[in-house]
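Have a look at the structure first, and then read on.

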Amino acid sequence: MGGGGGIAVIDLQSEKYLGRIMGMMSNVRHLVIDGGYLYLSINSAGYIQRIPLKRIIEAITTMHNKRVVVSGWENCKVGKGARTIKPSPSGKYIFAACNTSSALYIVDTRKMQTVVNIAADSYPVGLDVSKDGEYVFVTSQGHSKQGGNAVDIYKVVYK
């Protein structure tokens, strides 16, 4: 989330630093690969971004220990403090725990638009989706003795 920004790329076989992917918003918090896309949560500004994974793979092949700017990110505004993100089993939705706004956001991945936001206990940080997509579990950390230290369980009804 800090340092040089972007996403550092490491070749795990050779244990060598390859370079850094740039071009996304700053303050990346979480990365998820799903349905041929790389999704990012952008913490401070409160966004979900995505780009076709093949664009990232192509950029990695040109790195040679340098920064490579990748353009063409799609953006969806969610609540400030976007932390953990997780796709629904169908990949049609991305759930986002938004810490600063104390909410769970749901993004329609076909349109990259927020379809709903629901209040969560104070300062949510983590989430998971049940294997069947019927439930979303959100953990809240609390802050300065203000709420949190809880798990919220949401039943999802898809329309």
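Ile-153 is exposed, with a relative accessible area of 56%, because exposed stands for over 50%, buried for under 20%, and partly exposed for what falls in between (1.4 Å probe, protein chains only). Its place is in strand E14, where strands (E, at least two residues) and helices (H or I, at least four) are DSSP runs numbered from the N terminus. Please keep in mind that this is a predicted model, in which local features need pLDDT of at least 70 and side-chain atom pairs count only at pLDDT 80 or more, while totals for chains, interfaces and linings use all residues. Residues are numbered from 1 along each chain as its sequence is written, and side-chain values use heavy atoms, with hydrogens and water left out.

Now to the charged pairs. The structure holds four salt bridges, each a side-chain nitrogen of Lys or Arg within 4 Å of a carboxyl oxygen of Asp or Glu. Among them are these:

| Pair | N to O distance |
|---|---|
| Glu-74 and Arg-50 | 2.9 Å |
| Lys-86 and Asp-128 | 3.1 Å |
| Lys-155 and Glu-134 | 2.3 Å |

Take Glu-74 and Arg-50, which form a salt bridge. Glu-74 lies in strand E7 (residues 74-77) and Arg-50 in strand E5 (residues 47-52), so the pair ties together parts that are 24 residues apart in sequence. Glu-74 is partly exposed at 31%, whereas Arg-50 is buried at 6%.

Since Lys-86 lies in strand E8 (residues 82-87) and Asp-128 in strand E12 (residues 124-129), the two tie together parts 42 residues apart in sequence. Lys-86 counts as partly exposed at 31%, and Asp-128 counts as partly exposed at 38%.

Finally, Lys-155 and Glu-134 meet in a salt bridge. Lys-155 is in strand E14 and Glu-134 in the loop between E12 and E13, 21 residues apart. Lys-155 is exposed at 51%, while Glu-134 is partly exposed at 28%.
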